[in-house]
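Dear colleague,

Please find below the structure that I am handing over to you, with its sequence. My notes on what was found in it follow.

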Amino acid sequence: MSNNEIVRFDNVRKSYGDTQILKGVSFTVKPGQVVALIGRSGSGKTTALRCINGLETIQGGELHVCGRAMHTGKVDLLGLRQEVGIVFQSYNLFPHLTVLQNVTLAPRKVKGVPAAEAETIALQMLTKVGLHERANYYPEQLSGGMQQRAAIARSLAMQPQLMLFDEVTSALDPELTGEVLRVIEGLAKDGMTMVLVTHEMAFARQVASQILFMNQGVVWEQGDGSMLQNPRTPELQQFVSSGL
């Protein structure tokens, strides 16, 4: 793995029982890149994302993340997750903690950052996601879009090298989806390296430096945003035309 790659999939295979989900996936993610994984449900997108963060182990091929050889099975997952943040479609905020307390928790408990410093970092991240004014609110006092932005701030407070987003807008209505996507677009402009599973095609076309269309457990087609206007394969053509 070269120094200018944050993630490298090399013929990665993953099965659940007899069901093969990843059938030889290969791609790389370089610093500052935004890579969007698109494709139908069951094509392997989320599984690939979860392998990056060590939530799933692979059965074949090689996977390197932030200089760590994930395929060896001997990875310090706590160390990895300080460098790789992940945001899911469910926000997973602690309901009994304020937004600020939610965001400061991991830096304090995991990285041992002093409380005052953790609060400074947290407020910077809440400002970045447009929630500075809501720092002392509880999750139930926020809209779904605000809760998702708070979840993004919580991951950013760990100051990761890489951010992963798994269908983070799928539970939101269109207006709230827009506010979350604007935050991710801002992160892209700031140079954050990201891998995101998304069904928002217009957003992927606009923000991603590389789009990977996954189909039948492999990367079927890849390219920049223009590939969505000019699909090379019938499978991507059908996927795009169905508006998924």
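**Pockets and sheet**

In this predicted model, the lining of the largest pocket draws at least two residues from each of α2 (77-83), β6 (84-87), α3 (99-109) and α5 (144-156). The largest share comes from β6, which supplies four residues. In total, 22 residues line this pocket, and R81, I86, A106, S155 and M158 lie nearest its centre. By class, 13 of the lining residues are nonpolar, seven are polar and two are charged. The space in the largest pocket amounts to about 510 Å³.

The second largest pocket has a volume of about 250 Å³. Its lining consists of 15 residues, with G39, R40, S41, K45 and E167 the closest to the centre. Here the classes are four nonpolar, eight polar and three charged residues. Helix α1 gives the largest share of this lining, namely three residues.

Helix α1, residues 45-52, also lies across β1, β2 and β4 (60-65), and runs at about 115 degrees to β1. These strands belong to an open sheet of four strands, ordered β2-β1-β4-β5 and paired in the antiparallel sense. The edges are formed by β2 (19-29) and β5 (68-69); each has a single partner strand, so one side of each is left without a neighbour in the sheet. Eight antiparallel bridges join β2 to β1 (residues 7-16), and V7 stands opposite V29 in β2.

Yours sincerely

How values were computed:
Residues numbered from 1 in each chain as written. Predicted model: local features only at pLDDT ≥ 70, side-chain atom pairs only at ≥ 80, totals over all residues. Heavy atoms only, no water. Pairing = 2+ DSSP bridges. Contact = heavy atoms within 4.5 Å. Axes fitted to C-alpha atoms, helices over the stretch in contact; angles between N-to-C directions. 1 Å grid on protein atoms, 1.4 Å probe; cavity = no way out; pocket = protein on both sides within 12 Å on 5 of 7 lines; lining within 4 Å. Points joined across faces, edges and corners; volume = space filled by probe spheres on them. Nonpolar A, V, L, I, M, F, W, Y, C, P; charged D, E, K, R; others polar.
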